[in-house]
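Take a look at the chain below. The report starts with a single residue and then moves on to the rest of the model.

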Amino acid sequence: MDMNDYCIVGAGPGGLQMGYFMKQNGWNYKMFEKESTPDNEDLLFTKYSNDYFPHADSMLTYLNDYAMMNDLNIMYNTEIEKVSYDKMNDKCRFKLQIMGAMKQCCKTLVMASGMSQLKHLNISGNEHLDSYDKMSTNPKDYEGKSVLIIGKGNSAFEIASSIYGVTNYVHLVSRNRLRMSWETHYTGDLRGVSNEVLDAYQLKSLDTVLEADASKFTVTKGADGMLHVTSSEGNLTTRDSSPMRQGYDKVIECVGFQWDDSVFEGGHPSTMYPEHTYPVIKTDFESEQYPGLYFAGNLAHSLDYRKSSGGFIHGFRYTAKALSKILARKNEDKSWPSMDYKMDKLTNHLLTRASESSAIYQMYGYLCDVAVLDKDSNMFKYYEEFPIKNLKDFAYYAKMDKTEEMKPSIVLCKDYGRNFSGPGMDVFGPSRSVTSPDEAANSKYLHPWIYLFNNVPKCLKEATYVHHVLEDSTYTFDGPMSHVKPFEMVLDKFLSGVKLHMMKSEL
Ligand SMILES: Cc1cc2nc3c(=O)[nH]c(=O)nc-3n(C[C@H](O)[C@H](O)[C@H](O)COP(=O)(O)OP(=O)(O)OC[C@H]3O[C@@H](n4cnc5c(N)ncnc54)[C@H](O)[C@@H]3O)c2cc1C
């Protein structure tokens with residue numbers, strides 16, 4: 001049996017990122033990908049597409065090139081069929097079945113196998129439904145047809161946008177009101193790229209968005225050849241003015257994706273949150289039941305679900321990096337990397353990071369930077385991109401002794417203002433943005449939140465003070481009066497021991 005310290009299942013964007021960091025660290029790793037081999041070029045994504053929303057094929061070409069150019073250790077055409085766990089065998093805790101035999105084992109296993117299963121509705125008449133993966137993508141098949149799409153996420157609207165121009169009408173139905181990503185500031189909610197059909201709904205009628213719980217539906221094929229939808233709940237399908245009363249030529253279910261835990265004997269024990277979607281994991285990405293089993297890519301999104309960008313490529317590239325640093329500490333006894341700077345660089349360093357770090361920008365509310373101040377040497381130590389949820393173990397990851405834990409510290413992260421993001425919020429209202437530094441604490445758009453601590457941080461709520469840097473749509477926090485001076489004043493007071501006043505509720 002082959003043995004590696006680390007194995008990664010899946011060479012999608014999440015697995016590739018993990019493989020990249022493992023290779024950089026010089027670890028003994030191997031990746032497994034059930035699909036076939038890639039081909040090759042030069043790795044800036046701008047070389048692949050000039051589009052703001054590039055075609056999905058550009059991403060695939062990019063990923064293939066990324067794997068080739070970084071020379072990652074990937075076994076293509078190799079499906080991991082089963083994983084077994086042996087807690088008594090430290091070096092070979094996980095055994096992986098390939099083509100019917102246990103051929104590989106490892107101490108640490110990273111599952112980056114993605115959300116590979118389509119969810120399906122368990123309703124009477126579901127044999128009449130088309131599904132996202134099997135439906136025809138030829139608009140001609142929808143000409144003059146009445147179509148019901150069950151689901152109101154990006155995939156549902158992607159389908160609606162591609163056919164609504166030729167249909168009789170398209171209806172989209174789901175339990176909850178629409179969640180526009182520009183209102184919720186969550187990438188997983190409906191993006192602008194697929195929402196033309198909403199224009200048609202509001203300006204032309206016929207195409208419509210409806211609310212009902214589809215798990216209560218029954219679909220029957222009538223003598224008229226149409227699919228008729230009834231519900232055991234509410235009157236949407238029964239009232240004589242129901243938009244659904246004429247039935248549909250096609251009903252397409254598009255109710256999301258979930259991870260496939262069937263590689264684990266009996267499934268992964270603590271799985272499927274929320275709504276059977278993600279494995280439940282600890283804040284260090286590790287499974288509770290199987291020490292040594294970690295999750296990467298969009299499988300780790302339960303940690304920031306509906307909050308940040310960890311379910312998406314632009315977000316989990318940074319959580320994969322954080323996971324590699326967590327593994328470095330737990331398995332290789334390496335502390336979280338840090339750099340030392342002179343204290344007179346503190347303001348500039350923090351505001352430059354606030355302006356330039358893409359990690360704390362993309363993973364807002366999830367990743368932070370930590371500065372630990374040493375007044376005796378007049379220096380500070382700077383730790384980048386640390387998961388906020390793991391601050392309770394910061395001293396462990398930074399390998400600090402008890403004396404170091406007593407040092408004053410600063411945490412820099414980004415977030416939206418409170419009570420600004422959510423379905424139906426008025427994000428275009430006249431009071432949406434704050435322009436006066438005196439009002440910076442009321443900033444609404446993504447802006448730096450700087451937390452001050454008397455000791456090394458354990459959780460954000462224990463900060464003695466939080467300073468909001470005034471929001472700025474250019475994301476450059478270098479305005480001498482708007483950004484720099486107010487922060488300098490707070491920092492001067494903090495460093496000279498003057499008590500800063502704030503309400504606990506402001507934290
Ligand atoms: C319509 C649609 C639009 C999307 N748009 C976006 C978007 O705009 N931005 C975005 O960030 N995300 C988007 N996503 C989600 C996107 O697919 C994921 O963000 C991304 O692919 C997740 O990466 P991953 O590496 O975690 O998993 P995946 O990309 O799913 O990769 C998992 C890999 O594991 C392999 N694998 C699985 N099981 C095994 C096994 N047992 N053995 C060996 N190999 C295995 C699979 O073959 C696959 O290559 C979209 C998804 C859909 C369906």
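This is a predicted model: local features need pLDDT of at least 70, side-chain atom pairs count only at pLDDT 80 or more; totals for chains, interfaces and linings use all residues.

Residues are numbered from 1 along each chain as its sequence is written.

D333 is found in the loop between helix 6 and strand 17 (338-342). Helices (H or I, at least four residues) and strands (E, at least two) are DSSP runs, numbered from the N terminus. D333 is not a glycine, yet its phi is positive, about 60 degrees. Most residues other than glycine have a negative phi. R306 also has a positive phi of about 60 degrees, and R306 is not a glycine. R306 sits in the loop between strand 16 (293-295) and helix 6 (313-332). R306 counts as partly exposed, because it has 13 C-beta neighbours inside 10 Å.

## The whole chain

The chain holds eleven helices and 22 strands. Its radius of gyration is 26 Å, close to the 23 Å that the globule rule gives for 507 residues, so the chain is as compact as a globular protein of that length. Here the radius is taken over C-alpha atoms, and the rule is 2.2 Å times the number of residues to the power 0.38. The C-alpha trace spans about 85 × 65 × 45 Å along its principal axes. Of the 507 residues, 36% are buried.

## Three domains

The domain assignment gives domain 1 (2-115 + 258-332), domain 2 (120-253) and domain 3 (338-506). Such bounds come from an automatic or database assignment. The centres of domain 1 and domain 3, taken over C-alpha atoms, are separated by 31 Å.

Where these two domains meet, 15 residues of domain 1 are in contact with twelve residues of domain 3. The side of domain 1 that touches domain 3 has three nonpolar, seven polar and five charged residues. Contact means that the C-beta atoms of two residues, placed from the backbone, lie within 7 Å. For the classes, Ala, Val, Leu, Ile, Met, Phe, Trp, Tyr, Cys and Pro count as nonpolar, Asp, Glu, Lys and Arg as charged, and the others, Gly among them, as polar.

## Around the ligand

Which residues come nearest to the ligand? Of the 25 around it, they are G10, G12, G14, G114 and G297. A residue counts as near if its C-beta atom, placed from the backbone, lies within 6 Å of the molecule. Helix 1 (13-24) and helix 3 (154-163) are the elements that give two or more residues to this shell. Helix 1 gives the most, with three residues. By class, the shell has ten nonpolar, ten polar and five charged residues.

## Helix 3

Helix 3 has A156, F157, I159, A160 and I163 buried. They cover an arc of only 155 degrees around the axis, which puts them on the same side of helix 3. The arc is that of the directions from the helix axis to the C-beta atoms. These buried residues pack against strand 9 (146-150), strand 10 (169-174), helix 5 (196-204) and strand 14 (250-253).

## Helix 11

In helix 11 (residues 480-495), H483, F487 and F494 are buried. Seen down the axis, they fall within an arc of 25 degrees, so they line one face of helix 11. On the other side, P480, M481, M489 and D492 are exposed. The cover over the buried residues of helix 11 includes helix 7 (346-356), strand 21 and strand 22 (465-468). After helix 11 comes G497, with a positive phi near 80 degrees.

F494 is buried, because 21 other C-beta atoms lie within 10 Å. Leaving out residues up to four places away in sequence, F494 touches L452, Y465 and L500. F494 and N454 are 40 residues apart in sequence, but their C-alpha atoms are 9.0 Å apart in space.

## An exposed glycine

Is G422 buried or exposed? G422 is exposed, because it has 12 other C-beta atoms within 10 Å. G422 lies in the loop between strand 20 (409-415) and strand 21 (447-453). Leaving aside neighbours within four places in sequence, G422 is in contact with E183 and T184.

Definitions and conventions. A residue is buried if 20 or more other C-beta atoms lie within 10 Å of its own, exposed if 12 or fewer, and partly exposed in between; C-beta atoms are placed from the backbone.
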